[in-house]
Amino acid sequence: MRRHQVIKDVFLENRIFLSRTVVMFVLMLFLIVGLITRLVYLQVSGHDKYHSMATNNRIKVSSIPPTRGIIYDKKGRVLAENLPSYSLEVIPEQVKDMPNTLLRLQQILNISEEKITYFQKHSNRYKRFDSIPLLLKMSAEEVAKFAVVRHTFPGVDIHARLIRHYPYKELTAHAVGYLGRINSRELKRVSATEYRGIHFIGKTGLESAYEDTLRGYTGYAEIETNAQGKPIKTLANIMPTPGADLYLSLDIDLQKIAYDALAEYNGAVVALDLESGGIIVQVSKASFDPNLFVSGISHADYKRINHSRDMPLFDRVLRGLYPPGSTLKPFVGLAGLEHKVVQKQQKLFCPGYYQLPHKAHKYRDWKKRGHGMVNLEKAIVESCDVYFYDMALTLGIDKLSSFLNDFGFGKRSGVDLNGESAGLLPSREWKRIHKNTIWYPGETLITGIGQGFTQVTPLQLAYATGILANNGKSIAPFLVERKVYVDRVDKVKHPQVKKVNLKADNLAVIRKGMVNVVHSARGTARLIAGKRTYQIAGKTGTAQVYSIKQDEEYDEEEIAFNMRDHALFIAYAPADNPKIVVAVIAEHGSHGSSTAAPIASAVITEYLKEGE
Amino acid sequence: MHVELRAEQFHKHSLMGDLLRKLHIDIPLLCALLILLVLSFMMLYSVGGQDWGLLMRQASRMGVSCVLMIFLAQLEPRQFQRYSIPFYILGIILLIAVLAAGEVGKGAQRWLNIGFRFQPSEMLKISTPMMVAWYLAGHEIPPKWKHIVIVLVLIMVPTLLIVRQPDLGTSLLVASSGLSVLYFAGLSWRYLVSAVIGISAFTPIYWHYFMRSYQKDRVTTFLNPESDPMGKGYHIIQSKIAIGSGGVSGKGWQENTQSQLDFLPESSTDFIFAVFAEEFGLLGCLALLLVYLFIIARGLYIAVQAQDTYSRLLAGSLICTFFIYVFVNISMVVGILPVVGIPLPLISYGGTSMVTLLAGFGILMSIHTHKKVLPS
């Protein structure tokens, strides 16, 4: 140990040390103030920001989807239900290599390219930790296949989900509609909050029209998670509110009878309850299985359905536009009476054709030989064209058009479904606007027998007939009678009861004519009279698909099926106290009498049998 | 001076006070240290999820450290002076042993297993300033150029050995403990300023030849933590979230979410201040800083009151090191310095630093309580 003995200046040493200490202490204070400034910055100015970051760190809100309301028919039979099924779901947060995972899944399970694309396109709508369905309605075989390799797919699992199911398949495809996965266009329209955790949306029919009622409200679970995303505890739980159940006026038994009665024909059958206005039957054929659309329809199936010449996706009841043909005659006749252009018993000679003054063109009657002397009642019973040519001409298009408008032609009935067509009721003004020409008298003639520009939907036809049957009272048709919520029942109000002012005498003439269409020896629909305790009032109609040139013969046998006339029939029963009104259109059915009338008869017979 | 007198008067007639004085304990310093140890207990109870095993381990370390502190307080300052050289040499030998046969943990070779695992580098935090103080006390003050060079070599040897382990945090503390002795000895301001410039110039060389990639990462993420929020910047971002979400009054004891749900890593060791800030808020932080400041002020006061050069220099250096601990740790946790592995003194979980720190305070108490009575 070496130790130098140094003479020390104790005073200087003390002075240096003291000054150094003071400087050091000041420096330390300065640095601590710096730390405090930083803490103030983080904890006071930055508090809100960091507080929400801490909250986002730990709290994950997961949505609990509501159960969609069930749709029942009039007698409580289930038309749309939720069935448990297995679906393959992916939680993106837990998947390391998404493209590779999807590719491997495709090798094991039959997942179409479209489903993969849909998944990739829509996964950003969800939160990273949400479970997103990839494959719905897995078969037992698919479930087993995946279960074996499940451990090699972190973040992919099988879940039991409720899937919409339509037990009556094509019977209710148009009226009830179907549910499908939400597409990007719909995403822009709907509120993201309302659809959190919900993968489906009503696409057509009631499913679409009553989407908000059926859907219900998503519940939420606030879950505290740790840094690994593992749930620690549930902080709050808001239970979902299930959607309301719908009870319809539709009767599935009658629906089936009407559907089956159409047999090989495409077409539409509408039956309305005259007391309430509710739709009892709403058949549009050809149809399809709506269940195909719920889980995502395959390309092949969609192509088959969409490209079919039968147009199964097309809802004929709401959007099918047909010339009303002779079914319009009762309305035209009533217009004539109301406007006093004819007397009840005023007669006219029908030579089998009609000519405008000073014109060579012959407007033909369907009966080449003519009907002889006809009054209004006979003209309805035998469906004499000449009589109505004359009446329409006398009335003029303006009066005719405005009268028919009161019966709902050319406007929407206001049914509680989306996408109803307004049909077409021609008028002078309409022609000027749409065709840019004047109205010709010849066009008035053919309007009088339901040909020409006039187009109606089957629903409009039933609705208008209902007004006749109900002595002028009109109720907008509807499907939904009651909405049953968890805590209450809403009877759906259909307030649109309007009244068309008609003279009882005039109406009686028309209604008598319509009864005799069925119940007289010369009636066009006498074949369906049968033995019954009540009478049916009806009117046949034939709508031309193929127009015949002058002097050409219409030969049913020679004309291709798809060029044949449409067969129409409108009816209500019982004739003295109407309860039900039916409109039938059988496409290419040729004759209202032989094809369409029996279908209406089948529905009426069954309905009134039940009523007894 | 006045504080001191009053404290002594207060305890004059109490049995406890008599006992503590006989044990050479400095009561104000002891009180402040006890506050920190109680806080440490509270924080570890909260962070560790009421893990009593963890608390007992920490308590036993505290016990050992306190016994060592009290033991050192009984020794006279000249004893430390006498053992400065052997203690320093022993430390150097152990450091070499670590590099040769140390245990590896977390990518670094820091531990030596001699029945129990310990970090010889911790020892150097005390033996280096002791050595430097001994050397400078034997020469004239302020030190001459020649002495400065020798002192720098004395500091560089252990520092570089620790850098090699690598342990940036400890080497920083060892170097600064030695350099602070030089500062208190009256190193001319001219040298100080040129030294700062010199170190700045040395930085790029250090970056290229001495720093490991994980150390470089720490610096780059410090400069921009948001560049890699789930990776390298994760520590500091989560730490800032914890502190910021505490607000002014904090979330309350045991109410922190950041560390209890594992978002904040190292929450019981280097990042315990973030948990403290989350639970007790700005007000709690100010109170904690006040306790630290009191200890520092008391330490500097003891240094100024010391009766010989060696004691003065050693006391000043020890308290300076303590401050650097506090400042560097809190600075890295609040994100104004890069992450270096320095714990929050006396609060973070871990044994070695607590032993050294309390040993240092034992030396301070010894210096303060072994004064020769001077004629007034």
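The predicted model scores an ipTM of 0.88 and a pTM of 0.65. For chain B the mean pLDDT is 84, with 88% of the residues of that chain at 70 or more. Within chain B, confidence is lowest in helix α1 (residues 2-10), where the mean is 50, and highest in helix α12 (residues 272-305), where the mean is 94. Where pLDDT is low, the predicted coordinates should not be read in detail.

The contact between the two chains draws 42 residues from chain B and 35 residues from chain A. On the side of chain B that touches chain A, at least two residues are supplied by each of α8 (168-184), α11 (234-246), α12 and α13 (309-333) of chain B, and α12(B) gives the most, with 11 residues. By residue class, this side of chain B divides into 25 nonpolar, 13 polar and 4 charged residues.

A kink of about 120° occurs in α12(B) and is centred on B:G281.

Strand β1(A) is joined by 6 bridges to the antiparallel strand β9 (residues 219-225) of chain A, and A:I64 stands opposite A:G219 in β9(A).

Another open sheet of chain A consists of 5 strands in the order β14-β13-β25-β24-β23, again with antiparallel pairing. Its edge strands are β14 (279-285) and β23 (537-543) of chain A, each of which pairs on one side only, and the twist from one strand to the next averages 5°. Between strand β24 (residues 566-573) and strand β25 (residues 580-586) of chain A, which run antiparallel, there are 7 bridges; the bridge partner of A:F569 is A:V584 in β25(A). Helix α19 (residues 458-469) of chain A packs on this sheet, where it touches β13 (267-273), β24 and β25 of chain A, and the direction of α19 makes about 145° with that of β25(A).

Conventions
Residues are numbered from 1 along each chain as its sequence is written. Chains are lettered from A and ligands numbered from 1 in the order in which they are written. This is a predicted model: local features need pLDDT of at least 70, side-chain atom pairs count only at pLDDT 80 or more; totals for chains, interfaces and linings use all residues. pLDDT is the predictor's confidence in each residue, from 0 to 100. Helices (H or I, at least four residues) and strands (E, at least two) are DSSP runs, numbered from the N terminus. Two residues are in contact if their C-beta atoms, placed from the backbone, lie within 7 Å. Ala, Val, Leu, Ile, Met, Phe, Trp, Tyr, Cys and Pro count as nonpolar, Asp, Glu, Lys and Arg as charged, and the others, Gly among them, as polar. The bend at a residue is the angle between axes fitted to the seven residues ending there and the seven starting there. Two strands pair if DSSP finds at least two bridges between them. Axes are lines fitted to C-alpha atoms, for helices over the stretch in contact, and angles run from 0 to 180 degrees between N-to-C directions.
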